[in-house]
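Open the model in a viewer and work through the selections below in order. Each stop says what to select and what is there.

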Amino acid sequence: MKAYMGVDVGSVSTNIAIINQDQEILEKLYLRTQGQPINAIKKGLMEIKDRVDYEISGVGTTGSARQLAGVIIGADTVKNEITAHAVAASTVVPGVQTVLEIGGQDSKIIVLRDGVVVDFGMNTVCAAGTGSFLDQQASRLNIPIEEFGGLALQANAPVRIAGRCSVFAESDMIHKQQLGHNVEDIIAGLSQALVKNYLNNVGQGKEILGPVIFQGGVAANDGIKEAFEKELGLEVIVPEYYDVMGAIGSAVLAQEAVNEKGRTDFKGFDTTDFNYYASSFECEGCSNYCEVINIYQDDEVIARWGSKCPKWEAV
Amino acid sequence: MSKKVGIPQALFYHRYSPAWKTFFNELDCEVVESGQSTKEIIDAGVKLAPDEACLPVKLFLGHVKQLQNQVDYLFIPRVVSIENKEYICPKFMGLPDMVRYSINDLPPIIDTTIDLKTKKSNLVKSVLEVGEVLDKGYWQVSKACWKGWRALKKHRQRLREAKNNDAQYKIAILGHEYIIYDSHISMNLVDKLKEMGVEVVTPEMLTPQAMRVGLSNLSKDMFWTLGKKMMGAAHYFFSNQEIDGIIQLTAFGCGPDSLVGEMIEREAKKRDGQAFMTLNLDEHTGEAGLVTRLEAFVDMIQWEGV
C-alpha cells in the first residue's frame with residue numbers, strides 16, 4: 001500500500017498525518033513544538049515510525065517551520081499553511097465553502113467556491129483569540145485547557161468582555177472576576193468576544209456561506225464553536241481530525257507532487273539518527289544586518305536562509 | 001568644484017529620479033543619493049519622525065539623515081500639485097518643514113514649491129527658483145529642465161516595455177511607487193513574485209490612455225492625484241482579462257490609503273472571481289507572514305487556472 005505523510009510544524013504544535021492513496025487518514029500525531037522545532041520533528045518521526053509498517057511514498061511539509069522541516073525530512077512539497085488547510089478541508093468535507101482555522105498563534109479564514117480557493121485572510125498584527133492566549137488564560141484561571149470549552153457551555157449569563165485586544169480582554173476578565181461573576185460566565189463571555197474579534201478582523205468583508213468548517217487546535221474548544229454558530233447563524237462542522245488538518249493537506253499535496261515527479265525525496269525515518277542543529281549570525285556586509293541561519297546535519301551545512309542578497313546563497 | 005546636491009531616495013524620488021538627476025547634472029552639480037533603504041535608515045527615520053507620520057515619511061527622514069553630512073544642498077521640493085485642479089497628499093506639502101523641525105544642523109534645503117494646480121507652465125517658475133539658488137542662468141536651467149523631462153519620459157517608456165515572456169501569470173500590484181519600488185519596505189515583493197514565475201504590472205507601467213480608460217469608471221472626479229491614480233489603475237486592472245490577480249500594498253499610517261484602499265477593496269468584492277488581496281506594511285511587518293500570503297495567493301490563482 002502506498003502512504004503519504006504530511007508534517008505541519010507550527011508555533012505551538014507539530015502534527016503528522018499519514019494518508020493512503022484514497023486520502024483516508026491512517027495515522028495522526030499531535031505534539032507540542034515547545035519552541036524547539038527540530039526536536040519536535042525528530043520526536044514526531046520516531047513516534048510515528050513505530051506505528052507504520054508501510055512504505056512512505058511521499059512527504060510534504062507546511063506550517064511556519066515548513067522550510068526547516070522540509071530540509072530535515074526531504075520533502076517532496078513545501079507549501080504554505082493556507083493552501084494546506086484549504087486542500088485538507090476540501091478533501092475531508094467536499095463542497096465546503098468556508099474554513100475557519102485558529103491555531104496557536106495565527107488564525108485564518110479561507111473562502112472556497114466550487115472546490116477552489118477564491119479568497120483568504122490571515123490575522124496581521126494581533127493574535128487575540130488564538131490558542132496561545134486561551135492557553136494562558138486557562139492556566140491563569142487554573143483550569144486545564146481541555147475543560148475550558150466545556151465550561152463555557154455551562155454558562156447562564158455570559159458576561160461582556162472587550163475582545164478587541166487580548167491585553168484588555170485579560171484586564172476585563174479580571175475586573176469581572178473581582179465583581180463576583182462566576183468562571184463559566186466569564187469564559188463564555190471570552191469565547192463570544194474572541195469570535196467577534198475574529199469575524200471583525202480576519203473575517204472582515206469575507207462572504208461566509210455554509211458548509212462552514214472549523215479546524216485548528218482551538219476547534220477543540222466547544223465554547224468557541226458554539227459562539228461561532230450563534231454569531232454566524234450557521235451550523236459549524238468540526239472535522240474528526242480538526243487538529244492535524246494542515247498535516248493532512250500537506251500529505252495530499254505530497255501525493256500530487258509525487259505523482260507528477262514519479263519519485264520521492266523522502267530521506268527515510270533514519271534521518272532522525274543524525275544530529276540536526278541551527279546556528280545564526282548577523283552578516284555585517286552592509287547596513288541591513290541580515291540574520292543568517294545555518295542548518296547543520298551533523299557538522300555539515302545543509303541549508304541556509306535569512307539573507308536579503310545572494311551573498312550566502314550557496315551552501 | 002561642483003556643488004553636491006543630495007536627493008533622499010524615498011517618496012517622489014521613486015517617481016521622478018531620472019528627471020531630477022539629469023536636471024542637477026545639467027546644472028553642473030554632483031547628485032548624491034542616499035541609497036536603497038536599509039534597516040539602519042528605517043530605524044533612524046522612526047526615531048526622528050513624529051509619531052503620527054506615516055511609514056513612507058518616517059523612511060524619508062531616515063534618508064535625509066543619511067545625507068546630512070555628505071552634501072552642500074538637500075533637494076526637498078514642496079510638491080503641492082502636479083495635475084490640473086488636483087492636490088498631492090498634505091504630507092508632501094509640508095515635507096521640507098517637517099524635515100527642518102525634525103533634524104538639526106542640516107545643509108541648506110532647496111525647497112522650491114511645485115504647484116501645477118492652475119497651469120503646467122508653473123513648473124518653469126519652480127525650476128528657475130532652483131537655478132537662482134545654485135546661481136545658474138535662465139538658458140542653462142531651461143535646457144536642464146527639458147533634458148530632465150526627456151529622461152523621465154524615456155524611463156517610463158522603458159518601464160512599459162519591460163516584459164517577462166516566460167511568466168505564467170500576471171499579477172498587478174496596486175500601491176504607491178515609493179512603497180512598491182522600495183525593496184526594503186516592500187520586502188522585495190516584486191522580486192519574490194518574479195521568482196514564483198509571475199509577471200508584475202504596476203500602475204507606473206500603464207499608458208496614459210489605459211489610465212484614462214480606468215478613470216472613466218469613477219462616478220466623480222477625485223482631487224487627490226495619488227489616490228485617483230490608484231483608483232484608475234484598479235479599474236483598468238479589473239477590466240483587463242490578462243491580469244490574473246491584484247495585490248494592493250498599503251503603508252501603515254497612510255490616511256488616503258485607508259479610504260482609497262477600502263474603496264478599491266469593495267469594488268474588487270463586487271467582481272466575481274477577482275483574485276484580490278491587501279497587504280498592509282509597517283516597520284514591524286514580518287517577512288514570514290508576507291511570504292505565506294504571497295505563496296497562498298499565487299497558489300489560489302494557479303488553482304483557479306486548472
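Accessible areas here come from the Shrake-Rupley method with a 1.4 Å probe. The model is predicted.

**Stop 1: chain A as a whole**

Select chain A and show its surface. The accessible surface comes to about 14100 Å², and 46% of that belongs to carbon and sulfur atoms. Switch to a cartoon, where chain A has 9 helices and 13 strands. The radius of gyration of chain A is 21 Å, close to the 20 Å that the globule rule gives for 315 residues, so chain A is as compact as a globular protein of that length. Along the principal axes, the C-alpha atoms of chain A fill a box of roughly 60 × 50 × 35 Å.

Colour chain A by relative accessibility next: 52% of its 315 residues count as buried. Among contacts in chain A with a separation of 6 or more, 61% are between residues 24 or more positions apart.

Now select the charged side chains of chain A. There are 25 positive and 41 negative charges, and their mean positions are 5 Å apart.

**Stop 2: two loops of chain A**

Go to the loop between α7 (183–201) and β9 (212–215) of chain A, where P211(A) lies. The peptide bond that joins G210(A) and P211(A) is cis, with omega at about -5 degrees.

Move to the loop between α4 (131–140) and α5 (145–153) of chain A and select N142(A). Is N142(A) buried or exposed? The relative accessibility of N142(A) is 70%, so N142(A) counts as exposed, the cut-off being over 50%.

**Stop 3: a loop of chain B**

In chain B, select D135(B), in the loop between α6 (122–134) and α7 (138–161). D135(B) is a residue other than glycine with a positive phi, near 60 degrees. Its relative accessible area is 67%, and D135(B) is therefore exposed.

**Stop 4: where chain B meets chain A**

Show both chains and select the residues in contact across them: 21 residues of chain B and 24 residues of chain A. About 1900 Å² is buried between chain B and chain A, with 51% of it on carbon and sulfur atoms. Finish by selecting T292(B), R293(B) and W303(B), which supply 31% of the area that chain B buries against chain A, more than any other three residues.

How values were computed:
Residues numbered from 1 in each chain as written. Chains lettered and ligands numbered in written order. Predicted model: local features only at pLDDT ≥ 70, side-chain atom pairs only at ≥ 80, totals over all residues. Heavy atoms only, no water. Helix = DSSP H or I, 4+ residues; strand = E, 2+ residues; numbered from the N terminus. Rg over C-alpha atoms; globule rule 2.2 N^0.38 Å. Buried < 20%, exposed > 50% of the residue type's maximum accessible area, 1.4 Å probe, protein only. Contact = heavy atoms within 4.5 Å. Lys, Arg positive; Asp, Glu negative; His and termini not counted. Charge placed at Lys NZ, Arg CZ, Asp CG, Glu CD. Buried area = accessible area lost by both parts, 1.4 Å probe.
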